[in-house]
Amino acid sequence: MRREKKFLALLAWTAVGLWSVLGALPLPSHAAPSGEQVIRSRTDDDLITLDPAHVGKPSDHMHAMNIYSGLVRLKAGSTGVEPDLATRWEVSPDGRAYTFYLRRGAKWHKGYGEVTAKDVKYTLDRIRDPATKSRFRGLLQPLQKIEVVDDHTIRLTLKDPYPSFLGAVLAFRPGWIVNERAIKEKGAKYGQDPIGSGPFMFEKWVRGSEVVLVRNPNTWEKVHIQRVVNKVIRNDTVAKLAIERGDLDVATLLEGASIQEVKKNQKLNILATPGYATHFLHFNLRKKPFDDVRVRRAILHATDREAIAKHVFFGNATPRHNLMNPHVFGYEELYNKADYDPAKARKLLAEAGFAGGLDADVNVMPAAQWPQVAAVLQEQWRQVGIRAKISVPERAIYDRKWRAGQFDILFTRITRVDPDQYIHQYFFSKNQPFPNTSGYAGADGLLLKGRHTVDEAKRKELIQAAARKIFVEDLAGFAIVNVNYVVAMQPYVKNNAPTFQDSFPWRQVWLEK
Amino acid sequence: MRYAIQRFWATLLTLAAAFVIVFFIVHLVPGDPAAIMLSDLGADRKAVEDLRRDLGLDQPLPKQFLRYLGRAAAGDLGLSYRSQRPVVSEIAGIYHYTLYLAAGGMVFAVLIGLPAGFLSAAYRNSWVDRACMVGALSGISMPVFWLGILLIIVLSFQLRLFPTIGVGDPSRPLDVLWHLALPALSLGLRGAALIARVTRSSFLEILGQDYIRTGRMKGLSEAAVKGRHAFRNALLPIVTVIGLDLGQLLGGTTVTEIVFSRPGMGTLLIESVLARDYPMVQGTMLVYLLVIILVNLVVDLAYGLVDPRIRYE
């Protein structure tokens with residue numbers, strides 16, 4: 001018995017010893033608050049690549065957009081373009097040729113010399129080269145010719161007038177200018193050691209922990225932030241705890257539950273703006289009876305979007321009808337609360353010959369809370385006799401069914417910067433069978449004219465007319481909600497405005513500690 | 001020696017089979033990498049086909065396989081679709097994080113599991129035994145991701161003893177260990193539970209053997225009986241369990257890495273599968289398989305050392 005006690009005691013002491021060794025390790029060092037302009041932000045994934053030809057995730061986009069500059073860039077909090085490397089540009093009378101005048105004295109990071117028109121040509125040629133294997137090669141299809149006029153002038157000629165080219169392509173990743181020498185020198189390492197000409201330079205990447213940017217000493221803008229430390233936190237709950245504990249200054253939150261909790265925290269500022277992502281559905285007009293506008297309208301009248309915004313998204317979403325959102329050029333509010341009217345829905349169904357109800361095969365995107373939304377819609381539609389057969393397949397199967405048009409109704413989601421991308425892609429008949437799997441062709445004239453009109457006012461009119469035709473008159477589809485983009489910030493973070501792809505333009509932010 | 005050589009050839013064969021299966025199984029999974037890469041661009045069919053051609057996915061599968069085989073023989077596992085960086089260098093940059101995690105998990109599993117199992121057996125039906133076995137049951141039942149979050153909330157946020165995220169400063173070994181502690185603990189607890197249960201039953205079985213009674217009759221001390229005679233003999237099933245558990249442990253690293261935002265093979269594998277980044281998936285799976293096969297080889301060879309009665313001649 002005594003020996004057994006000795007045995008136990010030995011074990012206990014071992015445990016105590018182990019514990020004291022662990023406990024003696026240093027405690028985490030907290031950066032003391034000071035006037036230093038160092039901002040700590042969250043990224044939900046580790047760095048993959050910062051090579052603009054290959055950037056594919058918002059988590060990479062948010063670093064890269066602060067490192068690179070393009071000829072033009074998106075205005076913060078909007079999708080309009082403003083000058084960046086090009087201080088001004090001219091459009092030829094036929095709307096096809098753009099002449100850009102580059103900023104003089106714009107420098108590459110880390111001593112790579114001056115940014116010239118040759119760099120712009122190299123950048124676009126590189127994306128167009130199949131050997132680069134860039135996913136953006138298709139986006140440059142409208143581009144016919146690139147001419148270097150002189151060191152500070154470049155002319156891009158398009159196959160057809162296409163004003164969207166600025167916002168959708170040049171202000172996006174394929175338009176971020178790269179340096180040929182840096183790409184060649186660094187080879188495969190370039191994506192993790194990039195050279196740009198934007199307001200921030202890449203400093204370091206600590207794998208799995210953080211991506212650090214420092215202010216570019218040669219930036220032509222007035223930038224306050226000296227360092228940006230992006231901490232990799234994949235889990236939303238952990239991110240919420242980290243900002244509450246003061247380990248972060250800014251954190252984007254993605255999940256309803258953590259958003260609900262963080263909203264209760266009085267010490268934090270919560271920024272909730274409509275995001276760029278819209279949940280929408282479209283009908284397959286090649287399938288009966290969804291070719292009948294009365295049936296489509298009945299489904300609209302059976303849909304209570306307020307309830308979905310309130311209950312599925314805990315109020316972090318705005319009911320929408322238009323596929324576009326208020327950030328997008330040419331947006332028009334088409335949402336009408338009175339559209340929810342089950343009695344009207346039943347009446348329309350009876351008129352169309354479906355007094356006894358009908359079946360609908362629904363292909364649901366397996367992401368972004370669509371499954372929950374689908375469950376609510378199924379119940380709402382059941383009230384008027386529409387029996388929705390909901391399938392939430394694995395992503396690849398969903399894609400395959402979508403491409404093949406194997407559905408009556410498709411539940412999907414879209415995030416874009418440009419009106420042309422929002423409505424042209426899904427509802428222009430030449431894009432059949434993909435991505436226009438709706439079989440809709442009713443707005444072709446308006447869409448085509450809008451795409452090639454350079455005059456802004458006229459273009460806006462045409463875009464709005466096309467949207468009204470598609471989403472109101474013909475009701476080929478309609479949006480459900482526009483999910484809010486929620487950012488928790490310490491109160492001393494000033495002038496932050498999230499832009500497209502959940503990214504922060506650090507150039508305009510400062511801290512008041 | 002002949003046994004070792006036999007095992008070696010069998011291992012090589014298994015590896016070759018695994019190589020073929022990994023290549024084809026990845027292509028059997030539905031989904032088109034090009035379409036996924038373009039999915040948020042709303043690209044049309046032509047753009048998807050162009051990208052497929054750029055990535056070499058338009059070639060017939062057997063041709064793709066031969067090309068892959070030829071390159072792999074030279075140590076080149078291709079370029080990741082997503083980053084366009086060599087798969088080998090992507091893996092070389094992170095495999096050690098998973099290795100540390102798995103090793104740390106194993107250390108916790110053994111350090112907690114073995115003593116708990118011995119204690120339960122030595123004090124059978126006492127409160128010690130019951131406490132250990134209830135602990136073991138909960139250890140087996142708790143999912144790693146839940147346990148991980150729980151540990152973060154209590155030990156990191158409430159008590160502020162450990163960091164929540166990251167892998168630490170590689171130039172300071174203590175910092176690395178300190179970042180490793182929580183993930184390794186949450187990963188190791190399940191294994192600890194398993195080891196505790198097997199240790200207990202194996203030990204109890206041995207304690208009922210005749211030679212134990214003989215030892216006690218000889219007047220050997222209880223510590224000598226349990227510590228020397230019973231321990232050695234109870235070890236064999238425990239080694240087996242530890243070997244088998246390593247597969248589970250490696251699988252568990254994926255979830256643990258995600259919860260603790262650690263870089264590593266698990267995170268890489270999951271991200272690559274979601275993106276259908278074929279070369280990356282193949283590369284990571286091959287490394288995982290290589291490790292598991294090698295560990296099995298070592299366990300097989302270790303039997304002979306642990307228990308000299310076992311000889312495969």
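**Notes on a predicted two-chain model**

1. From its N terminus on, chain B runs α-α-α-α-α-α-α-α-α-α-α-α-α. That makes 13 helices and zero strands. The model is predicted, and these notes should be read with that in mind.

2. Next, the overall dimensions of chain B. Its C-alpha trace spans about 85 × 55 × 35 Å along the principal axes. The chain has 313 residues, and 39% of them are buried. Take the contacts in chain B between residues at least 6 apart in sequence: 70% of these join residues at least 24 apart.

3. Helix α1 of chain B covers residues 2-28, which is 27 residues. From first C-alpha to last, α1(B) reaches 39 Å, close to the 39 Å expected at 1.5 Å a residue. Is this helix well covered or hardly covered? α1(B) is hardly covered, with a count of one buried residue among its 27.

4. Now the interface. In chain A, 46 residues are in contact with 48 residues of chain B. Five elements of chain A each give two or more residues to this side: α1 (2-23), β10 (227-232), α6 (236-245), α12 (395-404) and α13 (419-427). By class, the side of chain A that touches chain B has 19 nonpolar, 13 polar and 14 charged residues.

5. β10(A) is joined to β9(A) by five bridges, and the two run antiparallel. Within this pairing, V212(A) has V229(A) in β10(A) as its bridge partner.

6. On from there to β8(A). Strand β8 (residues 200-206) of chain A pairs with strand β9 (residues 210-215) of chain A in the antiparallel sense, over six bridges. F202(A) is bridged to L213(A) in β9(A). The two strands form a hairpin with three residues between them. In the turn, G208(A) has a positive phi of about 80°.

7. A further sheet in chain A is open and has four strands. Their order is β4-β5-β7-β6, with antiparallel pairing. Which strands lie at the edges? They are β4 (86-91) and β6 (143-150) of chain A, each pairing on one side only. Neighbouring strands of this sheet are turned by 20° against each other on average, direction ignored.

8. W89(A) has F100(A) in β5(A) as its bridge partner. Helix α3 (residues 117-128) of chain A packs on the sheet and touches β5, β6 and β7 (153-158) of chain A. The direction of α3(A) makes about 160° with that of β6(A).

9. What of the nonpolar cores? The largest has 146 residues. Those with the most contacts inside it are I67(A), A242(A), V250(A), A251(A), A488(A), L38(B) and I195(B). The largest share, 14 residues, comes from helix α9 (residues 173-207) of chain B. In general, nonpolar side chains tend to be buried together in soluble globular proteins.

10. Leaving aside neighbours within four places in sequence, the contacts of I67(A) include F200(A), M201(A), F202(A) and L213(A). L50(A), P194(A), G196(A) and G198(A) are also in contact with I67(A). A second, separate core has 65 residues, including A302(A), V328(A), F354(A) and V364(A).

Terms used. Residues are numbered from 1 along each chain as its sequence is written. Chains are lettered from A and ligands numbered from 1 in the order in which they are written. Two residues are in contact if their C-beta atoms, placed from the backbone, lie within 7 Å. Ala, Val, Leu, Ile, Met, Phe, Trp, Tyr, Cys and Pro count as nonpolar, Asp, Glu, Lys and Arg as charged, and the others, Gly among them, as polar. Two strands pair if DSSP finds at least two bridges between them. The expected span of a helix is 1.5 Å times one less than its number of residues. A residue is buried if 20 or more other C-beta atoms lie within 10 Å of its own, exposed if 12 or fewer, and partly exposed in between; C-beta atoms are placed from the backbone. Axes are lines fitted to C-alpha atoms, for helices over the stretch in contact, and angles run from 0 to 180 degrees between N-to-C directions. A nonpolar core is a set of buried Ala, Val, Leu, Ile, Met, Phe, Trp, Tyr and Cys residues joined through C-beta atoms within 7 Å.
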